[in-house]
Amino acid sequence: MCKHILNAQVSIRSPCCKKWFDCSECHAEQESHPLLQRLEMVFACKKCKKCFRKDAQEFEESDEYCPHCDNHFVIDAKTPKAAITVEGEDARVDNRMIRDDRIKGIQYKTIFNPDNDADKLG
């Protein structure tokens with residue numbers, strides 16, 4: 001999983017070290033060499049898990065989809081944004097104890113339940 005692009009739809013195989021990365025920043029963090037750029041790119045779709053090649057010189061609008069499952073992989077990237085939020089309800093609004101309003105079921109005695117009289121037998 002890429003921590004730089006949250007909605008990455010494909011993994012890209014780097015031509016220099018033949019490893020799979022979700023973005024170029026992931027490659028820069030994990031490898032000590034610069035990313036080698038080529039015109040032919042190898043992708044692996046994260047939806048159908050199949051690989052395919054695309055030529056960057058002849059990249060058309062129809063090339064924005066996986067050829068196997070038609071997953072649209074060229075989309076606007078969602079990057080993580082720093083935010084401070086409160087999860088759940090605001091405790092300052094209603095700080096009373098939460099009471100359990102569920103009603104306990106009525107326990108009926110039956111002759112078929114041996115637990116009640118198990119210590120009285122024999």
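Glu-40 is partly exposed, at 46% relative accessible area (buried means under 20%, exposed over 50%, partly exposed in between, with a 1.4 Å probe and protein chains only). This is a predicted model, in which local features need pLDDT of at least 70 and side-chain atom pairs count only at pLDDT 80 or more, while totals for chains, interfaces and linings use all residues. Residues are numbered from 1 along each chain as its sequence is written, and side-chain values use heavy atoms, leaving out hydrogens and water.

The partner of Glu-40 is Arg-53, with 3.1 Å between the closest N and O atoms of their salt bridge (a side-chain nitrogen of Lys or Arg within 4 Å of a carboxyl oxygen of Asp or Glu). Arg-53 belongs to strand β4 and Glu-40 to strand β3, so the pair ties together parts 13 residues apart in sequence (strands are DSSP runs of E, at least two residues, and helices runs of H or I, at least four, numbered from the N terminus). Arg-53 itself is exposed, at 57%.

The structure holds five salt bridges, and two further examples follow. Lys-46 and Asp-22 meet at 2.8 Å, N to O; Lys-46 sits in the loop between β3 and β4, and Asp-22 in the loop between β2 and α1, 24 residues apart. Asp-22 is buried at 14%, whereas Lys-46 is partly exposed at 27%. Glu-31 and Lys-19 also form a salt bridge, at 3.0 Å, N to O.

Asp-63, in the segment after β4 (51-55), is buried at 17% relative accessibility. Its side chain makes a polar contact of 3.4 Å with that of Lys-54 (a pair of N or O atoms within 3.5 Å; within protein, one must be able to donate a hydrogen and the other to accept it, and residues adjacent in sequence count only if both atoms are side-chain atoms).
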